[in-house]
Amino acid sequence: MQQKEIDIPLAYFVTFSCYGTWLHGKENLSVDKNQNIFGTEFLSFNQYRQMSAEKRMAEASYLLNQHQRQIVLSAIKEVCQYREWVLLAAHVRTNHVHLVIHAIHQPEIVMNTIKSYSSRRLNEAKLDGNRMNRWTRHGSTRYLWREEEVESTIQYVVYEQGSPMAVFENKNRY
């Protein structure tokens, strides 16, 4: 039986947000399953859609403080080392996480594994009480095929997010 050859990009750009912080309809920052193609417009403000999303929330929005951001960044580094993924850049913000990462798995698997490790480490730190939801259900995954795409995305993640929070840049990436 012949194995199918899979094209693996140089890196993935993965972004996921904290639970309840980027609701559909709130601002012009979100996409849905019908508007999730690169280059398409974000959803426009819609008060009714926002209110509907808020009503469906099982618990309050989740924000990461400085200590929690450092725990998440450490968990990201840990899982990358364990899984033999190459972390090129990471920036853990108050309400979202950006990653530039090379892995031979699909980016959704990478994202979900990182969310799981991060939640486990936050649970061990006992900082959130009985928190059930920390992350949005999915996130954004982009394939970076060219070196210039990787470099510009690293630049964006590390240097263009405002004041640095919990940041990692792999200076030995090549």
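**View A. Glutamate 84, an exposed residue.** Glutamate 84 counts as exposed, at 72% relative accessibility. Exposed means over 50% relative accessible area, buried under 20%, and partly exposed in between, with a 1.4 Å probe and protein chains only. This is a predicted model: local features need pLDDT of at least 70, side-chain atom pairs count only at pLDDT 80 or more, and totals for chains, interfaces and linings use all residues. Residues are numbered from 1 along each chain as its sequence is written, and side-chain values use heavy atoms, without hydrogens and water. Glutamate 84 sits in the loop between H2 and E2. Helices (H or I, at least four residues) and strands (E, at least two) are DSSP runs, numbered from the N terminus. Its phi is near 65 degrees, a positive value in a residue other than glycine. Most residues other than glycine have a negative phi.

**View B. Lysine 126, in the loop between H3 and strand E4 (140-144).** Lysine 126 is not a glycine, yet its phi is positive, about 55 degrees. At 71% relative accessibility, lysine 126 counts as exposed.

**View C. The largest nonpolar core, with 29 residues.** Such a core is a set of buried Ala, Val, Leu, Ile, Met, Phe, Trp, Tyr and Cys residues joined through side-chain atoms within 4.5 Å. Ile76, Leu99 and Ile114 touch the most other members. Strand E1 (11-17), helix H2 (66-83), strand E2 (86-92), strand E3 (96-102) and helix H3 (107-125) each supply at least two residues. H2 gives the most, seven residues.

**View D. Isoleucine 76 and its contacts.** Contact means heavy atoms within 4.5 Å. Leaving aside neighbours within four places in sequence, isoleucine 76 is in contact with Leu87, Val92, Val97, Leu99, Ile114 and Ser118. A second, separate core has ten residues, including Phe13, Leu144, Val157 and Val158.
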